[in-house]
Amino acid sequence: MRIPLGTLRILVLLAVFVATVLFFASQIDGYLNARLFNRISGSVAVIALIAVGQAFVVLTRNIDLSIGSVVGCTAYFTGGILIAYPELPPALVPILAMAIGALFGAVNGFLVARFHLPSIIVTLATLAIFRSILVQSSDGSSITTDRLPTWLTSFATQNAFTLGDLQVRWIVVVSILVVLAAHVFLTRFRAGRTFFAIGSNPDAAAFAGLNAGRTIFLAFVISGALAGLAGFMFLSRFGNITVVAGLGLELKSVGAVVLGGVNIFGGSGNVLGVLIGAALIDVIDNSLVRWEIVSEFWREAVLGFLILLAVTADTVLMRRILRRKPKGTP
Amino acid sequence: MIALRSWEGFLFAVLILIYLVNTWNSPVFLTVGNQINMFQLSVEKIIVALVMTFVIINGEIDLSVASVMGLAACAFGWLVQAGVPGGGAVLIALGIGIACGAFNALFIVGFGIPSLVVTLATMIAFRGLARVLVEDRGINDFPAWFDAVGQQGLIGPVPLAMVLFAILAVIAFLILQRTAFGRKVYFIGANRAVAEYSGLDVRAVKAKIFVAAGLVAALAGLLFAARVGAVRGDVANGFELDIITMVLLGGVSIFGGAGTMSGTILAILIVLALRNGMALENITGHIQTGVLGILLILSVMVPLIRETGARLIARAR
């Protein structure tokens with residue numbers, strides 16, 4: 001039986017994830033229980049959203065480094081609007097956050113798609129520009145939990161359902177639904193396949209009559225909107241939002257995307273892999289804090305070397321598999 | 001002479017404009033003390049920008065430089081605290097910088113993984129190692145001579161770091177614009193495949209540049225530690241943005257193959273003068289960085305604007 005390459009990659013990633021969890025279970029007393037899931041699932045939900053948005057952008061051969069600033073901005077502005085208008089219907093608030101995020105994404109997308117500027121430069125610049133907009137408009141003051149409506153701050157801990165001791169929060173359900181929707185869109189819809197076409201061979205895509213500019217613009221808008229939704233969850237989970245909110249999230253999102261097997265040069269990848277990548281990053285992040293042998297300060301170092309290891313293994317293995325294929329097969 | 005129509009000429013005009021505006025706005029700006037202060041506050045970044053020019057013209061990127069700066073500084077602090085004499089600690093820290101650069105090169109040149117991905121990962125990893133060394137402490141019991149080197153003037157009021165920058169700028173200029181190695185850097189950046197088919201030692205050139213980036217970043221990290229007189233885990237965190245902005249603003253193409261050392265040096269002066277001018281007007285660091293971001297986007301749009309302008313003029317005729 002032959003397993004498709006993409007599926008194989010997901011299975012390997014899943015195996016690595018399970019092995020990581022089992023490893024920590026053997027090292028930390030009382031590790032493998034419902035509390036682990038309850039604690040980690042909430043933060044995975046946020047990172048997974050950002051990472052899926054990042055995946056759309058990376059598929060088209062671009063990168064969005066401004067995403068951490070977008071999360072910070074949407075969390076801050078959504079909080080600010082809610083403080084000014086506490087009567088806003090709750091259902092409207094996440095949509096508002098996504099709209100704010102999409103607006104930031106549209107700025108990136110416009111600059112990259114309309115003027116053909118390299119996305120790494122544009123988003124490196126907007127990373128700083130968006131953050132300075134946040135600093136400028138906040139005037140040094142922060143959003144605090146006690147000024148926000150209670151429904152918002154309790155939303156992050158509300159369960160959609162429970163399975164025994166496992167508490168599945170609403171934010172986790174929403175996040176998983178978004179990942180599944182993105183997966184179906186990217187694999188089953190013509191508009192979704194366009195992202196792969198643009199990324200794997202822009203010239204061929206142009207000859208086939210696909211509109212690269214519009215697709216790239218759309219990728220950045222999606223990335224912004226999902227960062228906006230993540231910003232809403234961020235606001236709900238932490239309540240206190242300062243000007244440094246979301247700092248460094250762009251690294252985690254790129255890390256999850258790369259670990260998840262999305263080719264950094266565009267054209268191939270799977271958002272289910274990205275979800276596992278995000279979960280893997282967060283499990284390692286959270287577990288090292290509790291691992292007694294190793295100081296918690298190893299977190300970043302381990303994360304960095306792990307990303308490097310994953311990419312290297314992936315590149316070397318892919319090269320070997322591609323070389324082994326008989327000539328003439330695609 | 002720099003032709004006024006070139007990018008360098010344009011940068012030069014912008015620089016003069018900024019100097020005029022700043023002098024107009026603040027009587028302090030043009031004083032010797034402020035000018036030295038302006039350089040000293042960013043001297044570590046501008047030293048790294050010199051070597052980053054090589055990296056980007058070569059068609060690569062190194063996001064890990066700020067983390068190497070942090071790691072070298074923290075390693076120095078850790079070694080001094082462990083009882084290693086200062087001179088030895090300096091040498092080991094520089095060695096760590098070389099090792100970091102070689103590590104990057106191993107993955108980029110050896111395994112053929114894109115430098116964007118490799119240095120993104122090592123940016124996190126090297127920063128992580130720095131935090132492992134000093135945890136959440138600060139180390140400031142450096143040898144007295146080390147602090148003196150960072151904080152006192154070497155030639156009159158000019159400290160060692162600025163002297164080093166001047167020397168390195170001249171060396172970098174000569175290597176890039178006046179040697180065969182410099183031509184190789186351009187050639188490989190402009191078209192790697194053709195360079196390879198022409199029998200150029202592409203991998204050796206790339207490896208050398210990344211090792212040099214590691215060494216220079218470590219040196220900059222040590223200078224930072226000496227100037228501030230203390231190290232923490234977040235030393236130089238986020239400096240890569242400023243460094244890359246300076247290089248790109250200098251007209252170096254992110255796709256490689258184009259740019260000059262004089263462009264980078266002019267851009268360095270512009271960024272310093274702009275930041276200093278804003279600081280004198282009490283504009284905070286975050287906003288300053290935002291303004292630099294806008295400048296960065298404008299700088300990559302300029303060729304586009306020029307092209308459109310030329311087309312419009314042609315059509316009008």
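Predicted model: local features only at pLDDT ≥ 70, side-chain atom pairs only at ≥ 80, totals over all residues.
Trainee: Why is Cys73(A) called buried?

Mentor: Buried means under 20% relative accessible area. Cys73(A) has 0% relative accessibility, so it counts as buried. Cys74(B) also stands at 0%, so that residue counts as buried too.

Trainee: How do you know whether Cys74(B) is in a disulfide or in none?

Mentor: A disulfide needs two cysteine sulfur atoms within 2.5 Å. The nearest cysteine sulfur to that of Cys74(B) belongs to Cys100(B), and it is 12 Å away. Cys74(B) is therefore in no disulfide. Over all chains, the count by this rule is zero.

Trainee: What makes Thr78(A) buried, and what does Thr78(A) touch?

Mentor: The cut-off is under 20%. Thr78(A) has 0% relative accessibility, so it counts as buried. Thr78(A) sits in helix H3 of chain A, residues 67–84. Beyond its neighbours within four places in sequence, Thr78(A) is in contact with Val93(A), Ala97(A), Ile100(A) and Leu235(A).

Trainee: And why is Ala278(A) called buried?

Mentor: By the same cut-off of under 20%. Ala278(A) is at 0% relative accessibility, so it counts as buried. Its place is in helix H12 of chain A, residues 271–290. Not counting residues up to four places away in sequence, Ala278(A) touches Ile47(A), Ala48(A) and Ala256(A).

Trainee: What makes helix H11 of chain A largely enclosed?

Mentor: Count its buried residues. H11(A) covers residues 249–259, and ten of its eleven residues are buried, so the helix is largely enclosed by the rest of the structure. Among the buried ones are Leu249(A), Glu250(A), Ser253(A), Gly255(A) and Leu259(A). Just after H11(A) comes Gly261(A), with a positive phi of about 90 degrees.

Trainee: Which residues other than glycine take a positive phi?

Mentor: His116(A) is one of them, with phi near 55 degrees. Ala236(B) is another, with phi near 70 degrees.

Trainee: Are His116(A) and Ala236(B) buried or exposed?

Mentor: Exposed means over 50%. His116(A) has a relative accessible area of 68%, so it is exposed. It lies in the loop between H4 and H5 of chain A. Ala236(B) has a relative accessible area of 3%, which is under the 20% cut-off, so it is buried. The loop of Ala236(B) runs between helix H10 (202–228) and H11 of chain B.

Trainee: How do you know that strands S1 and S2 of chain A pair?

Mentor: Pairing requires at least two bridges. S1 (residues 159–163) and S2 (residues 166–169) have four bridges, so they pair, and the sense is antiparallel. Phe161(A) has Val168(A) in S2(A) as its bridge partner. The hairpin has two residues between the strands, and Gly164(A) takes a positive phi near 65 degrees there.

Trainee: What makes a space a cavity here, and how many are there?

Mentor: A search of the whole structure finds two cavities of 30 Å³ or more. H5 of chain A, together with helix H11 (239–249) and helix H13 (285–316) of chain B, each give two or more residues to its lining. H13(B) gives the largest share, four residues. By class, the lining of the largest cavity has six nonpolar, three polar and one charged.

Trainee: What lines the second largest cavity?

Mentor: His183(A), Leu186(A), Thr187(A), Phe196(A), Gly269(A), Asn270(A) and Val271(A) do. Three of them come from helix H7 of chain A, residues 170–188, which is the largest share. The volume is about 30 Å³. The lining has three nonpolar, four polar and no charged residues.

Trainee: Why is a pocket not called a cavity?

Mentor: A pocket is an open set, whereas in a cavity the probe cannot get out; therefore the two names are kept apart. The second largest pocket has about 1,200 Å³ of space. Its lining has 38 residues, and those closest to its centre are Arg61(A), Ile120(A), Phe265(A), Leu116(B) and Phe255(B). By class, the lining of this pocket has 20 nonpolar, 14 polar and four charged residues.

Notes:
Residues numbered from 1 in each chain as written. Chains lettered and ligands numbered in written order. Heavy atoms only, no water. 1 Å grid on protein atoms, 1.4 Å probe; cavity = no way out; pocket = protein on both sides within 12 Å on 5 of 7 lines; lining within 4 Å. Points joined across faces, edges and corners; volume = space filled by probe spheres on them. Nonpolar A, V, L, I, M, F, W, Y, C, P; charged D, E, K, R; others polar. Buried < 20%, exposed > 50% of the residue type's maximum accessible area, 1.4 Å probe, protein only. Contact = heavy atoms within 4.5 Å.
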